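Open the structure in your viewer and keep the selection tool at hand. The stops below go from the whole chain to single residues.

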Amino acid sequence: MIDASPTPSAADQRFAAEVKKVRERRSMSQELVAELMRERGFRFHQATIYKIENGSRRVTVGEAEALSQVLGASLSFLIASGSEDVYADHVVKLAVRLVEQHEELATVIDEILLLESSLVEARRKVSDDRAASDELYPDLDVDGVIAAVSGLPVEDVVADLRRRRQSPGYSAIARSHGFMD
């Protein structure tokens with residue numbers, strides 16, 4: 001067990017207060033946090049969490065890191081509680097990550113649109129030119145080629161693409177990127 005000095009540092013006090021705030025915000029009991037810490041190899045009990053939160057027990061760096069993971073909050077956020085700059089930095093990082101993922105999704109949607117239109121166009125051309133293609137390539141099975149490449153029947157690929165395009169998330173992103181009105 002770690003000995004606590006008579007006067008915990010300001011960082012210790014902030015950490016203890018923030019652990020309690022985050023735990024309560026996430027509606028986690030002290031027993032649940034202790035159980036999750038035990039799963040990570042620490043000898044924690046409900047009383048351990050109580051002592052940490054009231055400042056009568058200090059934590060090691062490893063315990064602090066594990067607590068931050070269990071609570072879903074960065075260690076720097078737990079230590080620097082009350083600092084608007086740290087909170088704002090945390091929010092900005094999350095927002096940047098969200099924008100990056102949004103852009104990645106928009107790229108995938110664009111690729112899906114191109115794939116779908118290519119498949120539909122290929123099938124249309126084959127239908128339009130069936131007689132000519134039958135003369136030139138009598139054994140050509142376009143649906144079979146597409147199925148061989150994708151591993152799925154053409155109808156399934158087109159149906160899946162259409163189903164994805166009808167999802168609310170797709171519509172919102174497509175509108176925000178000018179793909180739809």
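This is a predicted model: local features need pLDDT of at least 70, side-chain atom pairs count only at pLDDT 80 or more; totals for chains, interfaces and linings use all residues.

Of the 181 residues in the protein chain, 25% count as buried.

Among contacts in the protein chain with a separation of 6 or more, 60% are between residues 24 or more positions apart.

Next, select residues 30-39, helix α2, together with residues 46-53, helix α3. Two packed helices are described by the angle between their axes and the distance between those axes. Here the axes of α2 and α3 come within 7 Å and cross at roughly 110°. Because angles from 65 to 115 degrees count as roughly perpendicular, α2 is roughly perpendicular to α3. Show side chains for the residues that make the contact: Q30, E31, V33 and A34 on α2, and Q46, I49, Y50 and E53 on α3. By class, this contact of α2 with α3 has 4 nonpolar, 2 polar and 2 charged residues.

Stay on α3 and pick T48, which is found in that helix. Is T48 buried or exposed? T48 has 10% relative accessibility and therefore counts as buried, the cut-off being under 20%. Apart from neighbours within four places in sequence, T48 is in contact with R43 and R57.

Then go to the largest nonpolar core, which has 18 residues. Select F15, V33, M37 and L67, the members that touch the most other members. Elements giving two or more residues to this core are α1 (10-25), α2, α3, α4 (61-71) and α5 (75-79). Which element provides the largest share of this core? That is α4, with 5 residues.

Finish on L67. Leaving out neighbours within four places in sequence, display the residues in contact with L67: F15, V33, M37, I49, I52 and V59. Two of these have come up at the α2 and α3 stop, since V33 and I49 are also listed in the contact of those helices.

Note on methods:
Residues are numbered from 1 along each chain as its sequence is written. Side-chain values use heavy atoms; hydrogens and water are left out. Axes are lines fitted to C-alpha atoms, for helices over the stretch in contact, and angles run from 0 to 180 degrees between N-to-C directions. Helices (H or I, at least four residues) and strands (E, at least two) are DSSP runs, numbered from the N terminus. Angles under 35 degrees count as roughly parallel, over 145 as roughly antiparallel, 65 to 115 as roughly perpendicular and the rest as oblique. Contact means heavy atoms within 4.5 Å. Ala, Val, Leu, Ile, Met, Phe, Trp, Tyr, Cys and Pro count as nonpolar, Asp, Glu, Lys and Arg as charged, and the others, Gly among them, as polar. A nonpolar core is a set of buried Ala, Val, Leu, Ile, Met, Phe, Trp, Tyr and Cys residues joined through side-chain atoms within 4.5 Å. Buried means under 20% relative accessible area, exposed over 50%, partly exposed in between (1.4 Å probe, protein chains only).
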